[in-house]
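Try each task before you read on.

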Amino acid sequence: MKAVATLMLLLTIKIPLVYYVLYSFISGYQRSLKKVRKILELILVVVFAVMIYRILVHFVIWEHIWQEPPQTINTLQYVARIFYSVLDILQVVGLAAAIKLFRLRIEAIKKEKYLQREKLQAELLQLKSQLNPHFLFNTLNSIYALARAKSEDTADVVMKLSSILRYMLYRGESTLATVQEEFRIVDDYLQLQQIRFGEKRKIKITRSIDNEQTGIPPLMILTLLENIYKHGAANDENAHCIIRLSNNILEILTSNRTLSEMKEDIAEKGIGLSNLNRQLELLFRDFNFRYFLKDSIFNVHLTINLNSYAGDELFDSRG
């Protein structure tokens, strides 16, 4: 019982000191601009706690709990007891502070991860939004031209555009779409371009898909096809796009003859493709994306290991 009484009495010093360190010193030290002042304050508080500790031990615990008369001690013994008191206090305070700092660190890592994820999400959505206006403006110009000519194709163009815009709205900001969904909108896009350009521009599409329910980034194929229509030469009979999907390995190859005035610009900047490359960097750990100009032919080679999709981490709503 005496040991329990001693422990409980000493807790009256340790507990307030622990609360001071956890809720005043640590939080105040992080926000304070005068950190030296906070450290000096901590030292004074600990010194005061040690003094109270020694007073309790010497005048209360030994005399009234253990009922032993005061002893005469030399300086070395006194210093040793002070040192023991400091260790006894600091081991409790240190353990509590370590737990507190560990929890703060975990919270900081979670917050940093959350902010990084938010930043990458915003960047990805911004990259996607930059792609849509190119296609929209080009199509609206075509609708304007068809309307002025009172073409019978105007209504079909508007319907195709509506279908594509609906897909962009509801699927464009998703992380993944099925290959089946993507091909459906690609077919609408190709029909729309056929109405716009007629026989002047055609792209031969070759598909080899083992699973149409596989998830791929939405609008990715559309971006590659738009690049051909936007910068490809008219009456290019060799423009083609090959799409292969096997065992979650997606491969897309495009090839088209470029406009003479755009050759240098495309080879140097890769119009719209650097945007797509950044999206892939955010979404996949394992992919290879190359585009280059050779003998007036612009080539795009894209290979993605869909198993390396990182979007689950990027768009995970959990902390």
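**Exercise 1.** Is Tyr23 buried or exposed?

Solution. The model is predicted. Start with the location: Tyr23 sits in helix α1, residues 2–31. Next, take its relative accessible area, which is 53%. The cut-off for exposed is over 50%. Tyr23 is therefore exposed. Ala97 is 74 residues away along the chain, and the C-alpha atoms of Tyr23 and Ala97 are 10.0 Å apart.

**Exercise 2.** Find which residues touch the most other members of the largest nonpolar core.

Solution. This core has 43 residues. Leu250 and Ile252 touch the most other members. Elements giving two or more residues include α3 (75–148), α6 (220–231), β5 (249–257) and α8 (273–283). Then look at Leu250. A second, separate core holds 22 residues, among them Val18, Val46, Leu56 and Val93.

**Exercise 3.** Work out how α6 and α8 are oriented to each other.

Solution. Take the axes first. They come within 10 Å and cross at roughly 160 degrees. Angles over 145 degrees count as roughly antiparallel. So α6 is roughly antiparallel to α8. The crossing of α6 past α8 is left-handed. Now list the contact residues. α6 supplies Met220, Thr223, Leu224 and Asn227, while α8 supplies Leu273, Leu276 and Leu280. Finally, sort them by class: 5 are nonpolar, 2 are polar and none is charged.

How values were computed
Residues numbered from 1 in each chain as written. Predicted model: local features only at pLDDT ≥ 70, side-chain atom pairs only at ≥ 80, totals over all residues. Heavy atoms only, no water. Core = buried A, V, L, I, M, F, W, Y, C linked by side-chain atoms within 4.5 Å. Buried < 20%, exposed > 50% of the residue type's maximum accessible area, 1.4 Å probe, protein only. Helix = DSSP H or I, 4+ residues; strand = E, 2+ residues; numbered from the N terminus. Axes fitted to C-alpha atoms, helices over the stretch in contact; angles between N-to-C directions. Parallel < 35°, antiparallel > 145°, perpendicular 65-115°, else oblique. Left-handed = near helix turned anticlockwise from the far one by under 90°. Contact = heavy atoms within 4.5 Å. Nonpolar A, V, L, I, M, F, W, Y, C, P; charged D, E, K, R; others polar.
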